[in-house]
Amino acid sequence: MALEFKSEVEAVDHLAKSFNALSDEIAKVIVGQKEVVKAVIISLFSNGHSLLVGVPGLAKTLLVSTIAEVLELEFKRIQFTPDLMPSDITGSEILDDDRKFKFLEGPLFSNIVLADEINRTPPKTQAALLEAMQERSVTIGGDRHLLPRPFFVLATQNPIEQEGTYPLPEAQLDRFMFNIPLDYPSYEEELQVVKATTAVQNITLNHIVSAEEILFFQNLIRKIPITDNVLEYAVGLVGKTRPGGPKATEEVNNYISWGAGPRASQYLVLGAKCHAAIHGKYSPDISDIQAIANYVLRHRIVRNYKAEAEGITEEDIIKGLM
């Protein structure tokens, strides 16, 4: 794939064109939600996982399945429930006809895995995703099984109905590159949705990007240069979220219990590189860091009781830091 491009500049131009083509194709099915679609594609091209947070009926599942189709990737959906066991998602060993153990792959063995309502399953099953998300492999009976490449987990979570749910532990939240909030559509957008979904639809989606191209893009993004001042801004921004630290602001010391870890700095830089590339730039600047900072930081900072009592949100604090 790399041999098709005379230079990395030409390759970045191709990435930007691919992003625009993807966005246009997804828009055939998904009305509005342009920023959400952009954030998900950035995380895919950056080899990161995303957590989609929104109330029911905002087309979270449709969005993920549509992206999988236009990317020409294998897609599987796991509906998380309280009785789901780790082996239900990773797979298990069974006895075959020759009375030998054979590994039967679970739904995790796919390019894009939709973990629907991930907070509805107990920590034991949630933890089964940790190795898959970090190492791109699962270990069954002492044997390590590699997952297909590329591999992405796109999880959904309902922020309203918390009865009978199991909040994700901080260690697992940290594995998600982005936490992407979905809001209600505007009046005009909802009008389009209702018109389209209450009539006969014959939409044909085209495959825009192959698995090989995605792997190429992931490698390309890491090669994009970044200046020292932008790198320092990203690391400094994360440092500001840590209460008691040398860079912490008064607001952070008052309202935050725990700040973001080093993984946030890594994802800020990777995400900014991809954000710059899809907008036709060959190196990210501070505005690219700021454009994705909310997605990277909002699930990595923990508010204290004072912030909750005063109605101070994570977004308010992040905005104050920039």
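Let's start with what lies inside: of the 322 residues in this protein, 48% are buried. Keep in mind as you look around that the model is a predicted one.

What is the chain built from? Its secondary structure consists of 14 helices and 11 strands. The protein has a radius of gyration of 21 Å, close to the 20 Å that the globule rule gives for 322 residues, so it is as compact as a globular protein of that length. If you draw a box along the principal axes, the C-alpha atoms fill roughly 65 × 50 × 45 Å.

How does the chain meet itself?

You will find I301 in the loop that runs between helix α12 (286-297) and strand β11 (302-303). Is I301 buried or exposed? Its relative accessibility is 5%, and because buried means under 20%, I301 counts as buried. Which residues does I301 touch, leaving aside those up to four places away in sequence? They are T241, I256, W258, G259, A260, E314 and I318. For a sense of distance, pick out C274 as well: I301 and C274 are 27 residues apart in sequence, and their C-alpha atoms are 23 Å apart in space.

Notes:
Residues are numbered from 1 along each chain as its sequence is written. This is a predicted model: local features need pLDDT of at least 70, side-chain atom pairs count only at pLDDT 80 or more; totals for chains, interfaces and linings use all residues. Side-chain values use heavy atoms; hydrogens and water are left out. Helices (H or I, at least four residues) and strands (E, at least two) are DSSP runs, numbered from the N terminus. The radius of gyration is taken over C-alpha atoms; the globule rule is 2.2 Å times the number of residues to the power 0.38. Buried means under 20% relative accessible area, exposed over 50%, partly exposed in between (1.4 Å probe, protein chains only). Contact means heavy atoms within 4.5 Å.
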